[in-house]
Amino acid sequence: MGKLLRLCLQHPLFVGPSFMATKKCVKISNKLYGNLHHKNGPENAFRHALWNYLIAKKCYRWRPKTEKILFWTAAITHLHELFSPNSELAKAMDLHNNKVGRELFLANMDKEIAEVVLLLEEMTLASQKVTELGEIRQYGTKLIHIVEV
């Protein structure tokens with residue numbers, strides 16, 4: 001918990017926008033996928049990528065410094081994974097999909113959120129199933145999942 005507090009104190013302007021981004025992400029994910037986004041299927045991949053995209057997008061409005069935004073977004077979402085009781089494969093999957101969301105932000109900073117949601121829905125349909133840690137690296141900027149729902 002000390003790491004989280006320290007991170008938030010170092011970047012106080014990003015705490016509020018990140019909270020709002022998290023709420024918006026859950027709302028969109030619930031609307032599109034119901035409870036499926038809480039499992040480790042393609043819908044979960046969507047949620048993680050959208051979450052990172054939204055945190056970066058909302059924080060960028062407060063401080064348009066891309067490097068700082070990406071550092072914050074990676075750090076805060078990585079801390080979330082450290083506190084989660086997931087398996088190593090599930091954590092690696094989430095971290096991969098988080099990174100996809102940050103890369104999506106870089107490539108689509110100027111787009112409306114609705115446009116990016118549509119893009120992510122398409123990417124979700126193409127999400128790749130992985131069964132081992134070693135497979136993850138080969139998927140680059142594609143979403144990945146570990147269970148079929």
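**Exercise 1. Place Leu104 in the fold.**

Solution. Leu104 sits in helix α5, residues 88-107. Helices here are DSSP runs of H or I with at least four residues, strands are runs of E with at least two, and both are numbered from the N terminus. The model is predicted: local features need pLDDT of at least 70, side-chain atom pairs count only at pLDDT 80 or more, and totals for chains, interfaces and linings use all residues. Residues are numbered from 1 along each chain as its sequence is written, and side-chain values use heavy atoms, with hydrogens and water left out.

The classes are: buried under 20% relative accessible area, exposed over 50%, partly exposed in between (1.4 Å probe, protein chains only). Now list the contacts, meaning heavy atoms within 4.5 Å. Leaving aside neighbours within four places in sequence, Leu104 touches Tyr53, Val116, Leu119, Leu120 and Met123.

Last, check a distance. Leu104 and His80 are 24 residues apart in sequence, and their C-alpha atoms are 20 Å apart in space.

**Exercise 2. Describe the whole chain.**

Solution. Start with the elements. The chain has 6 helices and 2 strands. From the N terminus on, the order is α-α-α-α-α-α-β-β.

Then take the dimensions. The C-alpha trace spans about 40 × 35 × 30 Å along its principal axes. The radius of gyration is taken over C-alpha atoms, and the globule rule is 2.2 Å times the number of residues to the power 0.38. For 149 residues, a compact globule would have a radius near 15 Å; the chain has 14 Å, which agrees.

Buried residues make up 46% of the 149 residues. Among contacts with a separation of 6 or more, 66% come from residues 24 or more positions apart.

Finish with surface and charge. The accessible surface comes to about 8300 Å², and 59% of this surface belongs to carbon and sulfur atoms. Such areas come from the Shrake-Rupley method with a 1.4 Å probe; for residues, only the protein chains shown count as cover. The chain carries 21 positive and 14 negative charges, with mean positions 9 Å apart. Lys and Arg count as positive, Asp and Glu as negative; His and the chain ends are not counted. Each charge is placed at NZ of Lys, CZ of Arg, CG of Asp or CD of Glu.

**Exercise 3. Judge the confidence of the model.**

Solution. The chain averages 92, and 98% of the residues score at least 70. Now compare elements. Helix α1, residues 2-10, has the lowest mean pLDDT, 83. Helix α6, residues 113-125, has the highest, 97. Where pLDDT is low, the predicted coordinates should not be read in detail.

**Exercise 4. Work through Lys68 and Thr66 in helix α4.**

Solution. Take Lys68. Helix α4, residues 66-83, holds Lys68. With 37% relative accessibility, Lys68 is partly exposed. Beyond four places in sequence, Lys68 is in contact with Phe14 and Arg63. Lys68 and His11 are 57 residues apart in sequence, yet 9.3 Å apart from C-alpha to C-alpha.

Take Thr66. Thr66 is also found in helix α4. Thr66 is partly exposed at 25% relative accessibility. Beyond four places in sequence, its contacts are Tyr60, Leu106 and Met109.

**Exercise 5. Find Lys39 and classify it.**

Solution. Lys39 is in the loop between α2 and α3. Its relative accessible area is 45%, so Lys39 is partly exposed. Lys39 and His145 are 106 residues apart in sequence; from C-alpha to C-alpha they are 9.4 Å apart.

How values were computed:
pLDDT is the predictor's confidence in each residue, from 0 to 100.
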